[in-house]
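Colleague: I would like to learn how to read side-chain features from a model. Please take them one at a time, with the general idea before the case.

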Amino acid sequence: MLSAKNEIHASGHVSLKGNLSFNTAYAVSDHIGVLFNGAFIDQNRRKKDFSQDLVEGGVGYFTTFGKDNQRILEIYGGLGAGTTKRLYRSFEKDDIISTDLQNVRFNKSFLQVNYSTKERNSVTLFSKKFPLNYGTIFRLSHVSMTKFDRNGINQPLEDNIFIEPVFFTRMKLNKNFQLQYTTGSNIGLKNRDFLTAGSSVFTIGLIVNLGGSKIF
């Protein structure tokens with residue numbers, strides 16, 4: 001959530017399922033920002049292995065408004081690309097009887113709106129008060145496969161449109177660092193066999209803000 005020229009935002013998050021992500025943004029002027037994000041996951045379980053790499057970048061407009069300019073509105077558009085690998089195993093007793101290996105490369109485009117406001121609420125820990133602020137992110141994404149093979153055989157490509165609402169709460173530790181709790185969901189607008197919406201997301205992360213205004 002940028003608020004002034006030369007402000008730098010960086011954050012790292014981890015989900016309950018082990019998904020690691022980073023988000024960076026830089027205010028090139030008082031109203032124009034650029035962002036670069038990435039997400040990585042590698043899960044290995046008895047019946048399913050899943051890995052995914054994703055990077056994306058974008059540019060957009062931000063502004064502050066309201067009393068003491070304590071509210072921020074941002075609108076970004078951007079592009080991304082990634083890969084996904086899924087390996088499914090079927091067992092009979094303790095023996096593997098079949099496997100299904102799916103490899104996907106994909107591109108994406110997105111439109112994202114962010115809104116955040118500084119609240120008067122705070123939480124008291126160890127006899128010290130920590131200010132809280134809240135925000136909402138709404139993203140509309142179009143994801144399209146560029147390659148899809150299943151057990152080494154090329155498959156028909158799919159695309160989908162996803163609505164991704166996200167809500168977050170931040171606790172200010174000092175003027176540069178905040179803790180963030182995020183919850184979000186993913187809704188696919190097209191009925192697809194493979195390119196479908198994922199599970200709800202719950203993450204905990206650390207936010208670093210440098211330069212610019214220290215409103216948030």
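Colleague: Is Phe65 buried, partly exposed or exposed?

Modeller: Buried means under 20% relative accessible area, exposed means over 50%, and partly exposed is in between, with a 1.4 Å probe and protein chains only. Phe65 has 33% relative accessibility, so the residue counts as partly exposed. This is a predicted model, in which local features need pLDDT of at least 70 and side-chain atom pairs count only at pLDDT 80 or more, while totals for chains, interfaces and linings use all residues. Residues are numbered from 1 along each chain as its sequence is written, and side-chain values use heavy atoms, with hydrogens and water left out.

Colleague: Where is Phe65 placed?

Modeller: Helices (H or I, at least four residues) and strands (E, at least two) are DSSP runs, numbered from the N terminus. Phe65 is in strand S4.

Colleague: How many aromatic pairs are found in the whole structure?

Modeller: Rings of Phe, Tyr and Trp (its six-membered ring) pair if their centres lie within 6.5 Å; planes under 30 degrees apart count as stacked, over 60 as edge-to-face and the rest as tilted. The search of the whole structure gives four aromatic pairs. In one of them, the ring centres of Phe65 and Tyr115 are 6.4 Å apart and the planes are at 35 degrees, so the pair is tilted. Phe65 belongs to strand S4 (residues 48-65) and Tyr115 to strand S6 (residues 95-125), so the pair ties together parts that are 50 residues apart in sequence. Tyr115 is partly exposed, at 29% relative accessibility. One aromatic cluster is formed by Phe22, Phe36 and Phe40.

Colleague: Which residues make the nonpolar surface patch of about 720 Å²?

Modeller: Patches are made of residues with over 30% relative accessible area and no salt bridge; like charges are joined within 9 Å, and nonpolar side chains (Val, Leu, Ile, Met, Phe, Trp, Tyr) within 5 Å. Accessible areas come from the Shrake-Rupley method with a 1.4 Å probe, and for residues only the protein chains shown count as cover. A salt bridge is a side-chain nitrogen of Lys or Arg within 4 Å of a carboxyl oxygen of Asp or Glu. The patch is made by Phe65, Leu73, Ile75, Leu111, Val113, Phe138, Leu140, Ile187 and Leu189. Strand S5 (71-92), S6 and strand S7 (128-150) each give two or more residues to the nonpolar patch.

Colleague: Which residues make up the largest nonpolar core?

Modeller: A nonpolar core is a set of buried Ala, Val, Leu, Ile, Met, Phe, Trp, Tyr and Cys residues joined through side-chain atoms within 4.5 Å. The largest has eight residues: Leu54, Val104, Phe106, Val143, Met145, Phe148, Phe162 and Leu195. S7 gives the largest share of this core, three residues.

Colleague: How many salt bridges does a search of the whole structure find?

Modeller: There are seven salt bridges. Asp49 pairs with Arg89, with the closest N and O atoms 2.5 Å apart. Asp49 is in strand S4 and Arg89 in strand S5, so this pair ties together parts that are 40 residues apart in sequence. Both Asp49 and Arg89 are buried. Another salt bridge joins the side chains of Glu56 and Lys108 (3.4 Å, N to O). Glu56 is buried at 7% relative accessible area, and Lys108 is buried at 9%.
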